[in-house]
Amino acid sequence: MSMDRRSGCPINLSLEVFGDRWSLIILRDMIFGGRRHFRELLNGSMEGIASNILADRLKRLMELGMLTKADDPSHKQKAIYSLTEMAITLVPILAHLGAWGRVWLPVSEELSIRAELLEKGGQPMWDKFMDELRHEHLGVPLDKASGPSVRATLQAAYQAVVASKAPAANPAA
């Protein structure tokens with residue numbers, strides 16, 4: 001994809017890739033939510049992306065080399081999207097964005113627990129997560145499996161916070 005570039009500044013060029021409202025949300029949902037099909041991305045995002053915008057951003061992310069698309073072997077009419085190495089290496093950046101947001105923005109506890117864990121886990125957790133994503137999306141063998149996956153750990157923490165906020169069940173008297 002050829003981009004009209006305003007300058008060769010790395011921050012400017014990065015913003016030209018991620019400066020729209022949806023690209024990082026789509027990548028977030030693929031990385032942290034494990035969503036790989038159009039319908040999962042459309043219905044699974046709490047931000048409510050429109051189908052035409054999703055289709056446009058997926059196409060753009062593929063043109064930029066951040067995603068690939070292939071026929072889903074489990075369903076003839078579905079396509080499966082995969083992250084490329086270029087997208088997988090965004091994990092530390094997303095971790096830093098989440099950490100910044102936790103400090104400066106009015107986040108909810110349940111939606112910020114993953115950012116907190118990623119911040120506390122630091123580079124070792126990010127490296128493990130990127131290795132898991134390489135295995136899932138690129139077919140790279142894992143060196144060693146140690147404990148639950150990073151995504152499972154983050155999801156369990158999210159579910160624990162949600163459960164702690166749920167009203168206690170009222171036992172029948």
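Which residues of helix 8 are buried? The views below take up this point and others. The model is predicted, with local features needing pLDDT of at least 70 and side-chain atom pairs counted only at pLDDT 80 or more, while totals for chains, interfaces and linings use all residues. Residues are numbered from 1 along each chain as its sequence is written, and side-chain values use heavy atoms, with hydrogens and water left out.

**View 1. Buried residues of helix 8.** V150, L154, A157 and V161 are the buried residues of helix 8, buried being under 20% relative accessible area with a 1.4 Å probe and protein chains only. Helices are DSSP runs of H or I with at least four residues, numbered from the N terminus. An α-helix has 3.6 residues a turn, so residues three or four places apart point the same way. Helix 2 and helix 7 are among what covers these buried residues, with contact meaning heavy atoms within 4.5 Å. Helix 8 has 16 residues and spans 23 Å from its first C-alpha to its last, close to the 22 Å expected, which is 1.5 Å times one less than the number of residues.

**View 2. The largest pocket.** The volume of the largest pocket is about 1,100 Å³. Of its 30 lining residues, I25, R28, E47, G98 and L111 are the closest to the centre. Helix 2, helix 6 (91–104), helix 7 (109–138) and helix 8 (150–165) each give two or more residues to the lining, and helix 6 gives the largest share, seven residues. A pocket is an open set of points on a 1 Å grid over the protein atoms alone, with protein on both sides within 12 Å along at least five of seven lines; a cavity is a set where a 1.4 Å probe fits but cannot get out, and lining residues have an atom within 4 Å of a point. Points are joined across faces, edges and corners, and a volume is the space filled by probe spheres set on them.

**View 3. The largest cavity.** The structure holds one cavity of 30 Å³ or more. W22, I25, I26, D29, L41, S45, I49 and L54 line the largest cavity, and helix 2 (residues 23–33) gives the most to this lining, with three residues.

**View 4. R21 and R57.** R21 lies in the loop between helix 1 (10–18) and helix 2.

Conventions:
Buried means under 20% relative accessible area, exposed over 50%, partly exposed in between (1.4 Å probe, protein chains only).
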